[in-house]
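Trainee: I would like to learn how to read a helix and a sheet in a model. Please show me one of each.

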Amino acid sequence: MALPVKWHQWVLDNLMRGVSASTLLPILLENGFAFEQCRRVLGRHLPESERHLKDAVFYRKLAEAPLRAGNVGLEALESEKAQLFRIQQFLSADECQHLMRLTEHKLRPSELASTTSDRYFRTSSTGDLENYDDPFIGELNQRIAQTLGLDHSYGEPIQAQRYLQGQQFKAHTDYFEPATDEYAHHAKQRGQRSWTLMIYLNQDCGGGETEFPRLSLSVVPLQGMALLWNNLDADGVVNGNTLHHAHPVSDGRKYVITKWFRDQAYE
Ligand SMILES: O=C(O)CCC(=O)C(=O)O
Ligand SMILES: [Fe+2]
């Protein structure tokens with residue numbers, strides 16, 4: 001993906017004014033653009049020593065991580081426009097029941113990383129499962145990290161989401177939009193979001209499908225099934241094809257687990 005036109009022009013204007021590519025590169029990276037995107041526009045202006053950052057290797061490894069983790073039952077739902085997989089029976093029915101009971105314990109209105117004036121954009125409730133002194137949460141965190149082939153230090157705290165009838169999460173991406181306040185605020189400490197792993201805890205609800213409109217794919221909740229996708233491409237550039245919409249629940253309740261990983265670990 002090329003840089004947005006406005007930023008492309010900003011780079012060209014600065015190069016014309018004599019600002020060095022080495023000065024522009026860190027500014028672009030700080031605003032959430034991937035090294036590969038920057039390299040494409042800065043090209044030969046970058047000194048030889050800065051043309052090949054380690055990042056390229058890091059993001060390629062990140063993209064391959066779940067494939068290298070020796071997962072049984074990893075099925076690709078899409079591999080060209082995005083990396084999207086499912087694993088059926090990732091959790092047993094008993095484990096799902098246990099997590100739903102925990103979730104009911106303490107819920108808060110779900111938050112949004114991006115700013116929108118639409119009060120109905122995300123109407124579910126969130127449970128912060130890490131706050132409970134429950135040994136299964138640690139085990140689940142470990143199972144998720146192992147499945148993704150990533151160290152748990154890259155993970156955000158595990159959450160559950162509960163949707164009552166009529167509740168939904170409208171079309172959004174899980175990554176932070178580069179060059180926005182949202183990116184500056186959320187990515188400041190631990191960088192961009194990379195992989196998402198979510199698990200459906202029940203299937204006895206109407207509606208609640210997770211639709212990926214740019215992949216022409218709609219996933220119906222199935223108890224215990226995990227969906228995992230890379231919010232970045234293999235160059236570390238945010239992948240807009242991962243746009244997804246948790247459709248309104250038309251009957252009953254829907255429960256899911258969500259776990260996001262970052263491209264920087266906890267210190
Ligand atoms: O509930 C779903 O189907 C999707 C949830 C989701 O996209 C999210 O929490 O970011
Ligand atoms: Fe999402």
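Mentor: Start with burial: a residue is buried if 20 or more other C-beta atoms lie within 10 Å of its own, exposed if 12 or fewer, and partly exposed in between, with C-beta atoms placed from the backbone. Helices (H or I, at least four residues) and strands (E, at least two) are DSSP runs, numbered from the N terminus. This is a predicted model, where local features need pLDDT of at least 70, side-chain atom pairs count only at pLDDT 80 or more, and totals for chains, interfaces and linings use all residues. Residues are numbered from 1 along each chain as its sequence is written, while chains are lettered from A and ligands numbered from 1 in the order in which they are written.

Trainee: Which residues of α6 are buried?

Mentor: An α-helix has 3.6 residues a turn, so residues three or four places apart point the same way. In α6 (residues 135–148), the buried ones are Leu140, Ile144, Thr147 and Leu148. They lie on the same side of α6 because they cover an arc of only 95 degrees around the axis, taken from the directions from the helix axis to the C-beta atoms.

Trainee: Which exposed residues does the face turned away from the buried side of α6 carry?

Mentor: Pro135, Glu139 and Gln142. Just after α6, Gly149 has a positive phi of about 75 degrees.

Trainee: What is the order of the strands in the open sheet of 4 strands?

Mentor: Strands of a sheet pair through backbone hydrogen bonds, either parallel or antiparallel. Here the order is β6-β12-β9-β10, with antiparallel pairing; two strands pair if DSSP finds at least two bridges between them. β6 (169–172) and β10 (217–219) are the edge strands, each pairing on one side only. Strand β9 (residues 210–212) is joined to β10 by 3 bridges, and Thr210 stands opposite Val219 in β10.

Terms used. The expected span of a helix is 1.5 Å times one less than its number of residues.
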